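Let's walk through this model together, one question at a time. Have the structure open as you read.

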Amino acid sequence: MLFLLVGVSFVRAQEETTLKTRALNADTTEKAQDSTLLLQDTSKNNFRDVTGQDTVVMKDSSGLETTVSIVANDSSWNEVSKNILHLFKGAKVKYQGFELAADYIRLDRNTNVLFASGVIDHNNKYVGRPVVVMPGEAPIAVDSLLYNYKSQIPKTFGVLTEVDGAFIQAREVRKNIYDETSLYSGLYSTCNLPYPHTHFGIHISKGVITQKQIIAGPSYLVVENIPLKFLAIPFGFFPKQDKKSSGFLFPSFGEDAARGFSMRDLGWYLTFNDYWDTEFRGNLYSKGSWEASMRTQYIVNYKFNGNFALRYGSTITGIEGTENYGRNKDFNITWNHTQRQEANPGTSFTASVNFGTSSYFRNTAANGSYDYNQLTNNRMNSSISYGKVFADGKVNFTSSLRHDQNLATGDVSLELPQFSLNVSTFNPFDSKDRVGEQKWYQRITVGYSMQGRNFVSTKDTILFNGNFLNQFTNGFQHNIPVSLSLNVLKYFQFNTSMNYTERWYLQSVEKRLLNEINGYSTVRDTVQGFKRAYDYSVSSGLSTKVYGNFNKPIGKIQAMRHVMTPSINVNYRPDFAAPRYGYYRDFVDHNGAYSRYSIFENGIYGSPSQGRSFGIGFSVDNTLEAKIRDDKDTTGTGIKKIPILQGLSFSGNYNAVADSMKLSPISFSGRTALFDQKVNINFNGTFDPYSYDKFSGQRIDRYMVKDGKLARLTNFGLSFDYSFNPNASKSRNNNIDSLKNSMPNMTDEQAQALARISTDPNAFVDFNIPWNLSGSFSFNYSSIFDTERREMKPNITSTVNLHGDFNVTPKWKVQFNTGFDFVRMESSMSQINIYRDLHCWDMSVGWVPFGRYKSFNVTIRAKASILQDLKLTKRTSHFTY
């Protein structure tokens, strides 16, 4: 099969040629005759022409006179007696569709034959190789060239051709008048240098290439310059095709500690047309396990593209003859679809589906790939979305089908479907023919939105069992916001709003007592039928900005500016638990305990709130900046602004009509940046103004001030990150942008790899960045009640993560990723990767030194996309079932 790949690639190489070369075995006779010309100093030639320009008039095959244009940048020498013209340094010859450029060209007017080659420079290197453009073909580079411009038959020496990342080089290539090409002593490899670094390739003794087929003579494998002629074929006959074709997919072989010897990725490839293809693959293991997969890709240019995959695994677990022996059956389905915006303006449709059994990746070792990201992933998500814009963009409709699955617990959540309809806010009392500024009532804005959901949350093992459809809960919600914003007394902003919400449900809840033999029990029934519920709230508030400036210099600080944005609002909401609404009911359970419950409890959009609220909300936002003297500033001002605090805010609410604990907890948050904004710091927390019961830990209606404290800190979070080499992330982003621009039609694997590079700094190996070290720190504090000690105690988590890389040599790179939990005093998941750039090959070593996935793997693979399956992998597996 490898020779088949070579044959097909070789055919394509003759059709798409981007050629580079160095001397292999050029025409030794021609070079021997002209050795004095190649080595002589042309600047001492007494017959040189300063301009180096000439023309030759001759008759073509039809008898018409044509002109051969000649240019030489350095010099030319015309041997009049022999009617031969020699051109040196940057020489060019053009004849009809034929063009040639080289550092040495000899034109024999008697035989109409051109000879072109490079020259040996003062460093004894062969430079200035010929670059030739044949009629209707791409430019090629060769060691030397003979060309009869009358018969238009070329003969080239030392040719190297690139095709899809692989390369074919031949000692001699000749083309005849029938457009047939013959080659002698060819080598197929993955390296773009004349002698492959890895010395791995296939030697083709002779070959003939026609328009529709290729015939190869004896061919054999070459490893480390050692010909393995026992791995040879006497001849090969391959059809030349300019389109995809169906065929056999060659497997790879390996061993798994749990499942035995393996034959992976055995299959068949089917192509139906230019828009649709499918591949079937299978994995077989000596201990009885097996996996099968089907993957389909489709594309319609300028409209849409996508892929669909179905994978199934049958895995034997345990030891035969024991109780834990059995067979697990798992499946996984993926579907990705993307629609181009210009295909249907105003309409969008996308799909990203990943669905299956929670144990698929664990039992099949990610379909035999041992992909670390898939093995450690605990969630699967799916989304199919449709959107439509109406009424010149004023009305927007979106709908989606969603799936979320926790692989660790087996919990599954489905949205089948979820939709929303949104109408942009508008001014109902404004006039299209209005002249002048708006009146106060013309500033009133109204909006409308509607949402609908059909939702179920269950276990994946019972998802489709029993009465599946009755497990869903559903509902609709309508929302109408009305608002007005005005400037008051020049410095204040007045805002008032009214929000109306209505919910529609197809189920409600009813609690009742059931008379049983041993007494009564509480029963909660789901009652089918349409029910509606509404609520509304009104809010009005004032806000302003207060500026404070401190202009007295202190050291390098020239000035400071503080901007405070206080706001206060009054909000009102009725008690929707009142009997007249019918949303809440009183109930006495079988123990005689009284409670009030909502008939819409556990509803999709909740229930109207109980309890009347007349609150006064308040918040203060602060920003503090400084101007400092910058001695390195080249703009002339010498002043630089730096943020000290950004978005430091405090907020809370006071409910004047509440029975107790009228003041809500005070929340705060803020952010800042240090070291020229290289370190970003974020923090947030909550203060509780009330004390707590010493026996139960519940909040009580007693201010902490009475206990000698202003408030108690109930939770606090702090996080920051820093990169010691910002050029690393900048380089990664630039490379990602470059990949996106150069590959507009990426395959699914390429898109996934690009997404992995975008989110994981260690997924991108950049040898141009000598080192990178990034770290992040997170700290979280919360206050919990200790029932034994009958007091609040802190609950703290504190972790630090480090990731980075460094170049040992220009071709060796080491990447690492680790972390440490200061509370548990243990390391988090750590991984070390070593990369070696082998020019046309890649080598990587991955090592997880400890933990559940302790393992290592060594991978050597070709860089060429056509040979991505040509790889050698060595793994140790601590995988358990």
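Q: In β51, which residue is the bridge partner of N833?
A: Strand β50 (residues 831-837) and strand β51 (residues 841-848) pair in the antiparallel sense over 6 bridges; strands pair if DSSP finds at least two bridges between them, and a strand is a DSSP run of E with at least two residues, numbered from the N terminus. Within β51, the partner of N833 is G846.

Q: Which residue in the turn of the β50 and β51 hairpin has a positive phi?
A: The hairpin leaves 3 residues between β50 and β51. With a phi of about 70 degrees, the turn residue is H839.

Q: Why does E99 count as partly exposed?
A: E99 lies in strand β5 (residues 98-108). Buried means under 20% relative accessible area, exposed over 50%, and partly exposed in between (1.4 Å probe, protein chains only). E99 is partly exposed because its relative accessibility is 37%.

Q: What separates the C-alpha atoms of E99 and V133?
A: Not counting residues up to four places away in sequence, E99 touches V93, K94, V131, V132 and V133 (heavy atoms within 4.5 Å). E99 and V133 are 34 residues apart along the chain, yet their C-alpha atoms are separated by 5.1 Å.

Q: Where in the chain is confidence highest?
A: This is a predicted model, where local features need pLDDT of at least 70, side-chain atom pairs count only at pLDDT 80 or more, and totals for chains, interfaces and linings use all residues. Residues are numbered from 1 along each chain as its sequence is written, and side-chain values use heavy atoms, leaving out hydrogens and water. The pLDDT (the predictor's confidence in each residue, from 0 to 100) averages 77 over the chain. The highest mean, 92, belongs to strand β32 (residues 473-488).

Terms used. Helix = DSSP H or I, 4+ residues; strand = E, 2+ residues; numbered from the N terminus.
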